[in-house]
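Please read it alongside the model shown here.

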Amino acid sequence: MEQDHKPANDRRTSAIRILFFALIAMCLVGLSYSFSANRGEVIKVAFLGSKDDEDYAGALAFKKTVEARTQGAVTVQIFPAGQFCGNARECLEALQSGTLEVTMTTAGGAGSLFGAIQVLDLPYAFEGDAVAECVVDGPFAERLREAMLDAGTGIRLGVISNTGGWRNFATVGTPVKEASDLKGLKLRTVTAPIQQEMMRQLDASATPIAWSELYSALATRVVEGTKNSVQDIVGMKFHEHIKHLTLDGHAYMAAMWWYSDNSWQQLSPTQQSIVQEAFSELQKVTRDVTKAGEASALEEFAQAGGTIYRPSIDDRQTFIDATAGMRRWFADRYGEQWLAALDSAVNTCQSTVK
């Protein structure tokens, strides 16, 4: 009888051993997944724009490309509308700490880390989309990428796209046709030094207001205008208060998409190549959406009773002349080399683009 019971005990012992090793294997798989995630298999993308704008469309294109090209081995999580970080500084700090992989800022937003990047916000630096895109797609962008890393910021430039088109002057009650019309007006700006200085040179009153508070600031006349693209104005319903739009196109709204350099170094060379490909897709989509939306936004603004002024050559020149001191202001603070680099890139592009 003892021989009859022995095989049963052996079977139970074997089963226990199998279960024990299975549990160990599961734990190892879990640890492996955790370590893999930390190496970059989960890419978090956060930005301040809503789900209705070009930034979100671009983020979706980025996600689709990464997940398709890695066959799902790398997943992308998108956090729009300040869900992950509430302003540009918080988003960039999250990149530096490694808790976030990707975010987007304008030149002004990144200026707190590297002031010279604001060279892209110099007024009237570009004549049209073709020249601006040529500049930010060329060697100038690579120079910015290297400079940001050399400065120890811990963030890597992925691609420069566009977020809304071109900045224009938009006012609640005062039509603006030439530079002198801005005198004394309280205009909303971001805190970037270059935008504050531009308002000073135009004899306007620069008034920093958070994006989320601008609608009420316009409604209560805390500010009398702003400088944004028509897509942003209509998209945020600012045209319920803004009634005058001057299409002076004083700044190309360059959108810098950043990657945490610490997280980037943990990606394999193949993954890095795929992410860069995804950035290229993001760039194409955001630009296409922006350009497609401009005409409809202008139409909606006009249908709501707004007036749209396209400055004559002479009127636009008044704005250029009034802000001519911006170049000297920039060079004094950030160096002649970045001004020279931008001028060289612009001159090259003007001679090559159609």
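In this predicted model, strand E5 (residues 186–189) pairs with strand E6 (residues 205–208) in the parallel sense over four bridges; two strands pair if DSSP finds at least two bridges between them. Helices (H or I, at least four residues) and strands (E, at least two) are DSSP runs, numbered from the N terminus. Local features need pLDDT of at least 70, side-chain atom pairs count only at pLDDT 80 or more, and totals for chains, interfaces and linings use all residues. Residues are numbered from 1 along each chain as its sequence is written, and side-chain values use heavy atoms, with hydrogens and water left out.

**Strand pairing around E5**

- The chain runs from E5 through helix H7 (residues 193–201) to E6 in a right-handed β-α-β crossover; right-handed means that, with the strands pointing away from the viewer, the path from the first strand over the helix to the second runs clockwise.
- Opposite Thr189 stands Pro208 in E6, and opposite Arg188 stands Thr207 in E6.
- E5 also pairs with strand E7 (residues 225–228), in the parallel sense and over two bridges.
- Leu187 has Gly225 in E7 as its bridge partner.

**Largest pocket**

- A pocket, on a 1 Å grid over the protein atoms alone, is an open set of points where a 1.4 Å probe fits, with protein on both sides within 12 Å along at least five of seven lines; lining residues have an atom within 4 Å of a point.
- The largest pocket has a volume of about 1,500 Å³, where volume is the space filled by probe spheres set on the points, which are joined across faces, edges and corners.
- Of its 50 lining residues, Leu48, Gly49, Arg188, Val190 and Trp211 are the closest to the centre.
- Helix H11 (residues 269–303) gives the largest share of this lining, six residues.
- The lining of the largest pocket has 16 nonpolar, 23 polar and eleven charged residues; Ala, Val, Leu, Ile, Met, Phe, Trp, Tyr, Cys and Pro count as nonpolar, Asp, Glu, Lys and Arg as charged, and the others, Gly among them, as polar.

**Second largest pocket**

- The second largest pocket has a volume of about 210 Å³.
- Its lining residues include Leu122, Pro123, Tyr124, Ile320, Arg327 and Asp343.
- Helix H13 (326–334) and helix H14 (336–352) are the elements that give two or more residues to this lining, and H14 gives the most, with three.
- By class, the lining of the second largest pocket divides into nine nonpolar, one polar and two charged residues.

**Thr153 and Ile155**

- Thr153 lies in the loop between helix H6 (139–150) and E4, and Ile155 is in strand E4 (residues 155–171).
- Thr153 counts as buried because its relative accessibility is 6%, buried being under 20% relative accessible area (1.4 Å probe, protein chains only).
- Ile155 is buried too, with a relative accessible area of 0%.
- Leaving aside neighbours within four places in sequence, Thr153 is in contact (heavy atoms within 4.5 Å) with Gln96, Leu113 and Met148.
- Not counting residues up to four places away in sequence, Ile155 touches Gln96, Leu113 and Met148, among others including Trp258 and Asp261.
- C-alpha to C-alpha, Thr153 and Asp261 are 8.9 Å apart in space and 108 residues apart in sequence.
- Ile155 and Gly98 are 57 residues apart in sequence, with 9.8 Å from C-alpha to C-alpha.

**Whole protein**

- The protein has 14 helices and nine strands.
- Of its 354 residues, 49% count as buried.
- Among contacts between residues at least 6 apart in sequence, 74% join residues at least 24 apart.

Conventions
Buried < 20%, exposed > 50% of the residue type's maximum accessible area, 1.4 Å probe, protein only.
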